[in-house]
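Visitor: I would like to go through this model with you and ask what lies behind the labels. Could you show me the structure?

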Amino acid sequence: MDYISTRNSSNSFKFEDVFIKGLADDGGLFVPKSLHKYSQKDLVEFKNLEYKELAKKIINPFIGDFMSKHDLSKIIDKSYSVFRKKNVVEIVKIGDRSVLELFHGPTLAFKDVAMQLLGNFYEYYLNNENKKINIVVATSGDTGAAAIDAIKGKKNVNIFVLHPNNRISSVQRRLMTTGKEKNVFNIAVEGSFDDCQNLVKEMFTDKIFANEIKMSGVNSINWARIIAQSIYYFYTYFLIEDNKEPINFSVPTGNFGDVYAGYLAKKIGLPINKFVVATNQNDILHRAITNGAYNVENVAETISPSMDIQIASNFERLIFDLNEHNDKKTIDVMKSIKERGKYAIQKENLDKINVDFLSARMDENEILSTIKNVYEKFDKVLDPHSAIGYGAFDKVKLKGNNIVLATAHPSKFPDAIEKAINIKAELPDELTFILDEKENYDIIDNNLNKIKKYIKERT
Ligand SMILES: *Cc1c(COP(=O)(O)O)cnc(C)c1O
């Protein structure tokens with residue numbers, strides 16, 4: 001499979017470039033040049049596969065000659081052996097909807113599903129190529145922990161994680177900062193997640209710096225993550241489908257990565273009806289999808305910090321799709337967003353978006369009361385992010401089988417859970433040690449040069 005950048009559709013890239021670079025040199029996002037669509041018959045063959053086998057089938061065409069089928073198979077088995085569930089995810093019924101639990105990996109959020117695979121892709125690549133790289137990544141709390149767990153202790157690779165200081169939960173921070181491996185560096189930036197994301201983008205676009213440190217990225221724009229995340233949409237679809245009812249997914253959304261992975265599954269043939277883009281009060285995507293106003297506002301801190309984002313990086317991929325892969329138009333839109341903080345989606349494009357995507361927004365009280373209602377009625381504890389996905393189906397009423405993505409384990413956000421239902425959300429036993437362990441991180445100003453200097457001194 002060949003890839004192009006959303007900002008230049010004439011140059012082709014291979015999966016290796018796409019994976020290692022993360023972001024294209026022109027600032028665009030990598031997307032496949034064209035996609036093969038599975039037929040109804042192909043899908044029937046997928047239907048009874050275990051999670052790992054399904055992943056092997058679907059991921060293989062995306063990675064081309066990056067590795068053999070045999071190596072891919074070994075890597076997928078290894079990556080998913082660290083999950084607490086044999087089939088990686090678990091589907092439970094809560095009331096009238098199904099809840100897809102994606103948090104049974106080592107750091108208790110769905111980010112593990114893609115990141116464990118990426119960690120092993122890096123190891124494979126670095127062993128074969130005898131290269132050394134430095135991963136730099138911004139996190140709103142969960143990506144960082146998942147990336148660190150996937151990379152810690154691996155040879156020829158360091159990882160630098162930027163998180164917004166004091167704006168993530170202490171359990172989220174402890175999952176990142178309590179490791180002892182020498183190749184892990186945590187930076188708490190005095191700023192928001194968007195600031196962290198911008199700093200990383202600036203470092204990537206500074207070619208001299210990026211090449212000097214052999215910089216690589218695992219942010220949610222990394223196409224390899226999108227592919228890995230599309231698997232659970234297939235897996236869940238096959239378990240739920242009954243051939244009569246339409247199937248809808250509600251996806252707690254920040255950077256538009258996870259929901260884009262679902263949309264990718266649909267584009268390659270999985271007949272999903274609608275995606276509900278569920279946001280917290282940082283609702284740029286909700287405003288965009290309901291009335292076309294993609295207008296950047298200030299980020300508010302909420303009890304669902306992994307979604308405290310205003311600039312939804314992966315949205316560029318949808319913009320590119322809407323403009324029929326026209327790179328010039330995509331560049332214009334991205335320029336308008338960057339310079340004026342605004343993009344008015346035309347009616348025609350908005351109609352196209354609404355064929356696949358609806359949206360809902362949940363404020364703090366609505367999130368807390370959803371956690372409370374679900375607990376009182378069904379004796380289940382949802383974390384604040386998953387509660388947003390759950391509550392979104394009360395706002396956007398859809399017929400059929402409604403599936404909510406549960407993106408994090410409630411114990412990652414104990415304060416919010418305590419506030420909602422006055423109980424302590426306990427960590428799984430194997431992780432309680434992080435509560436007493438010494439933490440390692442450095443607080444640095446929101447200043448590009450200081451952060452570059454810090455990284456350079458440690459590579
Ligand atoms: C990252 C994250 C999200 C948002 O996912 P995107 O891919 O950025 O839309 C939602 N919930 C949790 C718990 C997360 O960690």
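Visitor: Which residues come nearest to the ligand?
Guide: Of the 15 residues around the ligand, these are K111, D142, G254, N255 and T407. A residue is near when one of its heavy atoms lies within 4 Å. Please keep in mind that this is a predicted model, where local features need pLDDT of at least 70, side-chain atom pairs count only at pLDDT 80 or more, and totals for chains, interfaces and linings use all residues. Residues are numbered from 1 along each chain as its sequence is written, and side-chain values use heavy atoms, without hydrogens and water.

Visitor: K111 and D142 turn up again in a helix contact. How do α5 and α6 cross?
Guide: Helix α5 (residues 111–129) and helix α6 (residues 142–151) have axes that come within 8 Å and cross at roughly 35°. Axes are lines fitted to C-alpha atoms, for helices over the stretch in contact, with angles from 0 to 180 degrees between N-to-C directions. The contact (heavy atoms within 4.5 Å) includes K111, D112 and M115 of α5 and D142, T143 and A146 of α6. By class, this contact has six nonpolar, three polar and four charged residues.

Visitor: Why is α16 called roughly perpendicular to α18?
Guide: The axes of α16 (residues 364–378) and α18 (residues 414–421) cross at roughly 65°. Angles of 65 to 115 degrees count as roughly perpendicular, under 35 as roughly parallel, over 145 as roughly antiparallel and the rest as oblique. So α16 is roughly perpendicular to α18. The contact involves L368, I371, K372 and Y375 of α16, and A416, I417, K419, A420 and I421 of α18.

Visitor: And what makes α3 oblique to α4?
Guide: Helix α3 (residues 51–63) and helix α4 (residues 69–80) pack at about 135°, with their axes 10 Å apart. That angle makes α3 oblique to α4. Their contact has seven nonpolar, two polar and four charged residues.

Technical notes: Helices (H or I, at least four residues) and strands (E, at least two) are DSSP runs, numbered from the N terminus. Ala, Val, Leu, Ile, Met, Phe, Trp, Tyr, Cys and Pro count as nonpolar, Asp, Glu, Lys and Arg as charged, and the others, Gly among them, as polar.
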